[in-house]
Amino acid sequence: QLQLVESGGGLVQPGGSLRLSCSASRFNLDYYAIGWFRQAPGKERERVSCVTRDGIGEYADSVKGRFTISRHNAFNMVDLQMNSLKPEDTAVYFCAVDSDCRMVNALGWGKGTLVTVSS
């Protein structure tokens, strides 16, 4: 499996912002689609966003207009900028890699980073 590492999680107040990063050290992210997923306690994993190899972003309705996914190919990273955070955004966030944004059978996952939105 391809290995990914997430970073940037933490505690933030409602309305605040966080930037998550997904990086890889042993392969080039340029050639893959990268997706961000989240899983809250007691809930199923949800796909939040995905960026195609061409840099086109896709978003779940729940985060549209608040989250932005972007590629930073020079640094072999994909970021997820999260603004106007809500308590319901609290979850462990994972990034995954696949050949396209359908993410039918991801080629690799990170271990996740926890985002807590609370006052």
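The predicted model contains an open sheet of four strands in the order β1-β3-β8-β7, with antiparallel pairing; strands are DSSP runs of type E of at least two residues, numbered from the N terminus, and two strands pair if DSSP finds at least two bridges between them. At the edges lie β1 (5-7) and β7 (67-72), each of which pairs on one side only. From one strand to the next, the twist averages 20°, with axes taken as lines fitted to C-alpha atoms and angles running from 0 to 180 degrees between N-to-C directions. Six bridges connect β7 with strand β8 (residues 77-82) in the antiparallel sense. Among the residues involved, Arg71 has Val78 in β8 as its bridge partner.

Arg47 is located in strand β5 (residues 46-51). Arg47 counts as partly exposed because its relative accessibility is 31%, where buried means under 20% relative accessible area, exposed over 50% and partly exposed in between (1.4 Å probe, protein chains only). Beyond its neighbours within four places in sequence, Arg47 is in contact (heavy atoms within 4.5 Å) with Trp36, Phe37, Glu58, Ala60, Cys101, Arg102 and Met103. The side chains of Arg47 and Glu58 are joined by a polar contact of 2.8 Å, a polar contact being a pair of N or O atoms within 3.5 Å, of which, within protein, one must be able to donate a hydrogen and the other to accept it, and residues adjacent in sequence count only if both atoms are side-chain atoms. Arg47 and Glu58 are eleven residues apart along the chain, and their C-alpha atoms are separated by 9.8 Å.

Residues are numbered from 1 along each chain as its sequence is written, and side-chain values use heavy atoms, with hydrogens and water left out. As the model is predicted, local features need pLDDT of at least 70 and side-chain atom pairs count only at pLDDT 80 or more, whereas totals for chains, interfaces and linings use all residues.
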